[in-house]
Amino acid sequence: CVRRLIESNMIDPVFQYLISMSASLLFLLAGVHKLSNLIEFQGIIDNYRILPVKLTRIAVLLISFSEIALGIGWLISQSVLIPLLSATLLCVYTFSIVVNLVRGRTYIDCGCSFSKFDGLLDRTTSANLSFGLVKRNFVLIVLMLLTIIPPYSRILSTLDFFNLLISLLCVVVIYAAANQLLRNNNAISSWRNIGE
C-alpha cells in the first residue's frame with residue numbers, strides 16, 4: 001500500500017523522457033534558428049516594444065544562447081533547474097504576448113516561426129499574437145514542470161524506447177499542426193475584419 005501511494009505521486013520515466021526530449025528539440029531548434037537570423041529576430045523583438053531599442057540586440061543574443069543552453073540541459077541534466085528556467089523563459093514570452101494583446105497590438109509577428117518545430121507545415125501565414133498562443137505556452141509550461149515530479153524506478157524495455165521514438169514524432173507533428181491552426185485562425189480573423 002505504501003509503495004502504491006508513493007508511486008501514485010511519481011511520473012513514469014518514459015513520459016518524463018518524452019517531455020525532456022521534446023523540450024530539448026524545441027529549444028535547440030529555436031535557439032539555432034534565432035542565431036542564424038539575428039537581424040530578422042531583432043526586428044520581431046523590436047515590434048514587441050517591451051525593451052528599449054538599445055537593449056534588443058543584447059536580448060536577441062541572450063535569448064538565443066539561453067534556448068540553446070536549455071536545449072542541451074534537457075538532454076544531459078536531471079536538475080530541476082532546467083524545467084524551472086524553461087518555464088520562466090516561457091513565462092517571459094507569454095507576458096510579452098499578453099502585454100501586447102492588452103495594448104491591442106495583435107497584428108505583430110509572435111516570432112513562433114523561429115521555433116522551426118512547425119516548419120513541417122505552411123509558414124506563409126504569419127503567426128500574429130492571440131490568446132491561443134498564451135494557452136499553448138501555458139500547456140508547455142505545465143508539461144515542462146511535470147518533469148520535476150520524480151520518476152518511479154523501473155527498467156525500460158525495448159518497447160519503451162520504440163514507444164518513446166514514435167511518441168516524439170507524434171509530438172512534433174501535433175505541435176506543428178497546433179501552430180498551423182493558430183495561423184489559420186489569425187488569417188480567418190483578418191479576412192472577417194476586412195469583410196466588416
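User: What should I know about the model?
Analyst: This is a predicted model, where local features need pLDDT of at least 70, side-chain atom pairs count only at pLDDT 80 or more, and totals for chains, interfaces and linings use all residues. Residues are numbered from 1 along each chain as its sequence is written, and side-chain values use heavy atoms, with hydrogens and water left out.

User: Back to Val142, which helix is that in?
Analyst: Val142 sits in helix α6, which spans residues 131–146. Helices are DSSP runs (H or I, at least four residues), numbered from the N terminus.

User: New topic: what about Asn100, buried or exposed?
Analyst: Asn100 is buried, with a relative accessible area of 0%. Its place is in helix α5, residues 81–103.

User: Which residues does Asn100 touch?
Analyst: Leaving out residues up to four places away in sequence, Asn100 touches Asn47, Tyr48, Ile50, Arg105, Ile108 and Leu129. Contact here means heavy atoms within 4.5 Å.

User: And what lies 3.0 Å from a polar atom of its side chain?
Analyst: For Asn100, that is the backbone oxygen of Tyr48.

User: Last one: how many disulfides are there?
Analyst: There are zero disulfides, a disulfide being a pair of cysteine sulfur atoms within 2.5 Å. As for cysteines, Cys91 is partly exposed at 40% relative accessible area, and Cys170 is partly exposed at 39%.

Terms used
Buried means under 20% relative accessible area, exposed over 50%, partly exposed in between (1.4 Å probe, protein chains only). Helices (H or I, at least four residues) and strands (E, at least two) are DSSP runs, numbered from the N terminus. A polar contact is a pair of N or O atoms within 3.5 Å; within protein, one must be able to donate a hydrogen and the other to accept it, and residues adjacent in sequence count only if both atoms are side-chain atoms.
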